[in-house]
Amino acid sequence: MSHHHIICSNVSFSYDKSFEILHEISFTAGHDDAIGLIGANGVGKSTLLRILVGLEMEFTGEVSIGEIKVTKKTLPRVREKIGYVFQDSENQLFMPTVYEDIAFAPRNYGLDSDQVEERVRHALDLIDIDYLKNKQPYKMSGGEKKLAAIATILAMTPDVILMDEPTIALDPRNRRRLINILNNLDHIKIIASHDLDMVLETCNRVILMSEGKIIADGETREILTNRELLEANGLELPFCLQGETGVSYKPSVPHTHIHL
Amino acid sequence: MGKLSDAIYEVHYMDTIAGIDSPIHRVHPLVKLIVTVAYIWFTVSFNKYDVTGLITMVVYPVALFSLSGISFGHSIKKLRVILPFVILMGILNPFFNREPLFLLYGITITEGMVSGLTLLIKGILTVLGGYLLISTTRIEAICYALNLLRVPEILVTQILLTYRYITVLLSEANHIFEAYSLRAPSQKGIHYKVWGSLIGQLLFRSIDRATGLYDAMVLRGYNGNFRHSQLPKARWQDSAYLLVWMAAFAVLRYTSLTALIGSLFVR
């Protein structure tokens, strides 16, 4: 039995033959991996996540999750193993209350009402949002919605958690809370983000992408302290490392006033 | 765009009042749904000249307003929206049917006048009946009741998701219109030439939202069958509520209660 839970082998993808969004992407992820998927806008991070979860199927190459090859036939089994947190929580919270939203997946997987109740309670406890359970999504703040969205996928008891820009639009307190939650989750995680400080705190491995290809794949600190590599690919050092000895930060473009 | 934000507020308000606790709110949603449908059916079944009989049906909304704590004033304000449509339906009756029915203080009251009036009363009462149902029952409970009544799944899901996303659509529209008005400060309303592109924007955003929503659903095991929450079974109080109202509607509809009361005073 392989110790790799996710195997992505030579995956290429395009909507239009003239422009390839992903090119020959290959990587594996094991049970201890928390991977930060980083790269400038439009390099294919979200597309890669969507392929892993089977939302885009017109790719070439092979993807396996927990030894199940991702095909149209295996999608229901694959999706039971993966929880995908959308960038926009509004899409994820479609039921009238948080409780109903969290219960949605367990009900679909045929659990009886006691088991559903137990799953919902467990997910609420993990994220510590019991106080939100009867709240309507539209009455919640962006931070609360994000936490509720994570709870909805935890109720599926997935092996793998995929997150697309989880800290976007979160205030510092909610961002900190999310980081603590992520560090307490014992799942395989792949987090696509531009928030490199968050990646530094939550991931043990980083995959850097550019123009649909993997440019670097390695230990988090090793990649996130490499100023030349990051800047060559449209990124900057994480804020917390700017000014640190050995990774001293010099903005490549001086601050200037723009006169129109 | 005050009207859009007012509409968003209104949906939130309805949700809030549907979630309060009262004897009516605690009644099983299926029972409330059946009673509401029965009330509407009995109300519209009155003869078009039977104004006095029809007026007795006001007992139901009066009882529900007093027992549920729902604001009567606010409900009446909401009626303003549908009142023009109801009036429009009955306004031509006096012109088409001029057969005299009786004299009132020397004024000839025609059949058309009376039938127009009954149409107006029926419209108001039935809308009030529906309003009282949605203001005392949460949407998921109504959907659960519809599910128990074997209403097609696709229809119930549509109702549930439309209700959930109506506020999202309204706020998207609000954002578009606010962005427009901030860059066209001297204009009152929106110029007709840009209506097409604004509506197009809204359509594309809606499609985008719908796609994202569907993705989120299939990723959590949705396969076309929407599984609703299970609510507690009906209690004896719910059965009593059903029986009492059914009996009351039958009595009000098939006995001339007003004539009976009148005969007690005029002998």
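Predicted model: local features only at pLDDT ≥ 70, side-chain atom pairs only at ≥ 80, totals over all residues.
**View 1. Helices H4(A) and H5(A) cross at roughly 125 degrees.**
In chain A, the axes of helix H4 (residues 98-108) and helix H5 (residues 113-127) come within 9 Å, and the two helices are therefore oblique to each other. The crossing in which H4(A) passes H5(A) is right-handed. On the H4(A) side the contact consists of Tyr99(A), Ile102(A), Ala103(A), Pro106(A) and Arg107(A), which meet Gln115(A), Val116(A), Arg119(A), Val120(A), Ala123(A) and Leu124(A) of H5(A). By class, the residues of this contact are eight nonpolar, one polar and two charged. Glu118(A) also lies in helix H5 of chain A, and with 14 C-beta neighbours inside 10 Å this residue counts as partly exposed. Between the C-alpha atoms of Glu118(A) and Ala103(A) there are 9.6 Å in space, while the two residues are 15 residues apart in sequence.

**View 2. Chain A touches chain B through 24 residues, which are in contact with 22 residues of chain B.**
On the side of chain A that touches chain B, the elements giving two or more residues are helix H3 (89-92) and H4 of chain A. Of these, H4(A) gives the most, with six residues. Sorted by class, this side of chain A has 13 nonpolar, six polar and five charged residues.

**View 3. Leu162(A) is a member of the largest nonpolar core.**
This core has 84 residues, of which Ala151(A) and Leu162(A) touch the most other members. The element that gives the most to the core is helix H6 (residues 142-154) of chain A, with seven residues. Leu162(A) itself is found in strand S7 (residues 160-164) of chain A, and because it has 27 C-beta neighbours inside 10 Å, Leu162(A) counts as buried. When residues up to four places away in sequence are not counted, Leu162(A) touches Leu49(A), Leu52(A), Val53(A), Ile82(A), Tyr84(A), Val85(A) and Ile190(A). Another core, of 34 residues, lies apart from the largest one, and its members include Ile24(B), Tyr39(B), Ile139(B) and Leu146(B). In soluble globular proteins, nonpolar side chains tend to be buried together.

**View 4. Helix H8(B) is largely enclosed by the rest of the structure.**
Helix H8 of chain B spans residues 139-148, and eight of its ten residues are buried, so the helix is largely enclosed. The buried residues are Ile139(B), Glu140(B), Ala141(B), Ile142(B), Cys143(B), Tyr144(B), Ala145(B) and Leu146(B). These buried residues of H8(B) pack against H4 of chain A, and also against helix H2 (29-44) and H9 of chain B. Just after H8(B), Arg150(B) takes a positive phi of about 65 degrees.

**View 5. Helices H9(B) and H10(B) cross at roughly 145 degrees.**
The axes of helix H9 (residues 153-182) and helix H10 (residues 192-219), both of chain B, come within 10 Å, and H9(B) passes H10(B) in a right-handed crossing. From H9(B), the contact is made by Tyr165(B), Val168(B), Leu169(B), Glu172(B), Ala173(B), Ile176(B) and Tyr180(B), and from H10(B) by Leu198(B), Gln201(B), Leu202(B), Arg205(B), Ser206(B) and Arg209(B). The residues of this contact divide into eight nonpolar, two polar and three charged.

**View 6. Helices H4(B) and H7(B) cross at roughly 25 degrees.**
In chain B, helix H4 (residues 59-68) and helix H7 (residues 111-136) have axes that come within 10 Å, and the crossing angle makes H4(B) roughly parallel to H7(B). The crossing of these two helices is left-handed. Tyr60(B), Pro61(B), Leu64(B) and Ser68(B) of H4(B) make the contact with Leu125(B), Leu128(B), Gly129(B), Leu132(B) and Thr136(B) of H7(B). Six of the residues in the contact of H4(B) with H7(B) are nonpolar and three are polar, with no charged residue.

Definitions and conventions
Residues numbered from 1 in each chain as written. Chains lettered and ligands numbered in written order. Axes fitted to C-alpha atoms, helices over the stretch in contact; angles between N-to-C directions. Helix = DSSP H or I, 4+ residues; strand = E, 2+ residues; numbered from the N terminus. Parallel < 35°, antiparallel > 145°, perpendicular 65-115°, else oblique. Left-handed = near helix turned anticlockwise from the far one by under 90°. Contact = placed C-beta atoms within 7 Å. Nonpolar A, V, L, I, M, F, W, Y, C, P; charged D, E, K, R; others polar. Core = buried A, V, L, I, M, F, W, Y, C linked by C-beta atoms within 7 Å. Buried ≥ 20, exposed ≤ 12 C-beta atoms within 10 Å, placed from the backbone.
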